[in-house]
Amino acid sequence: MNVRRLLIAMGIGMVLVGGYLAASHLSGGAIPTLGMPVGGDMAEIRANTVSFWEDLQFKDYEAAAAYHDPATRASVDIPYLIERAFVVKPELLEIVSYEVVLAEMDSTGDRVRVKTRVVAKSLARGDVIDKEVQLFWHRAGPDAPWYMVLEDSLRRPVAAEGKRH
């Protein structure tokens, strides 16, 4: 009788663990997996997004630019883009916390939009800035690496040719 109960308990445990891992994979990494590589591309995008904000929190702009396409990486001016997004000089901005709120992939599987919530503090004024920032990621195909398109979404100091603001 004890062996039977043990087998039933083990079976229930395996079903629960399997269900948790399946839910983690289907959530795209939104549910923690204790470091196990599940969640596919969406888990990679979520992890890269968190890593990007961590780089900005510690003012490592070179590392933050590394998420861009290698062809444009050298020309990406992360401090300018941060100043434009938060309306505070980067050296006077303290990023307090950040989280991924939503990540969704388009029908092609090659573009992802990640909505993040960032809480920062302006060291000059002392006020707290609570912003939702969308980051866009793309890749050239299923086997290509993911690259951020932060520059395109934030850098528009003038209207595109033939268009008005």
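Student: Is F52 buried or exposed?

Tutor: Buried means under 20% relative accessible area, exposed over 50%, and partly exposed in between, with a 1.4 Å probe and protein chains only. F52 has 0% relative accessibility, so F52 counts as buried. The model is predicted: local features need pLDDT of at least 70, side-chain atom pairs count only at pLDDT 80 or more, and totals for chains, interfaces and linings use all residues. Residues are numbered from 1 along each chain as its sequence is written, and side-chain values use heavy atoms, with hydrogens and water left out.

Student: How many aromatic pairs does a search of the whole structure find?

Tutor: Rings of Phe, Tyr and Trp (its six-membered ring) pair if their centres lie within 6.5 Å; planes under 30 degrees apart count as stacked, over 60 as edge-to-face and the rest as tilted. The search of the whole structure finds four such pairs. One of them is F52 with Y67: the ring centres are 6.1 Å apart and the planes stand at 85°, so the pair is edge-to-face.

Student: Where do F52 and Y67 lie?

Tutor: Helices (H or I, at least four residues) and strands (E, at least two) are DSSP runs, numbered from the N terminus. F52 lies in helix α2 (residues 40–57) and Y67 in the loop between α3 (61–65) and α4 (70–73), so the pair ties together parts that are 15 residues apart in sequence. Y67 is at 14% relative accessibility and therefore counts as buried.

Student: What is the geometry of the W53 and F86 rings?

Tutor: Their centres are 6.4 Å apart and their planes are at 85°, so this pair is edge-to-face. The pair links distant parts of the chain, with W53 in helix α2 and F86 in helix α5 (residues 78–86), 33 residues apart. W53, at 2% relative accessibility, counts as buried, and F86 counts as buried at 4%.

Student: Which residues do ring pairs link into a cluster?

Tutor: The cluster consists of F52, W53, Y67, F86 and W137.

Student: How many helices and strands are in the protein chain?

Tutor: There are six helices and four strands. From the N terminus on, the elements run α-α-α-α-α-β-β-β-β-α.

Student: What is the order of the strands in the sheet?

Tutor: Two strands pair if DSSP finds at least two bridges between them. Here an open sheet of four strands has the order β1-β2-β3-β4, with antiparallel pairing. Its edge strands are β1 and β4 (147–148), each pairing on one side only. Eleven bridges join β1 (residues 93–105) to β2 (residues 111–122), and eleven join β2 to β3 (residues 128–138). V114 is the bridge partner of A103 in β2, and L135 is the bridge partner of V114 in β3. β1 and β2 form a hairpin with five residues between them, where G109 in the turn has a positive phi of about 80°.

Student: How much of the contact set in the protein chain comes from residues 24 or more positions apart?

Tutor: Contact means heavy atoms within 4.5 Å. Among contacts with a separation of 6 or more, residues 24 or more positions apart account for 48%. As for burial, 32% of the 165 residues count as buried.
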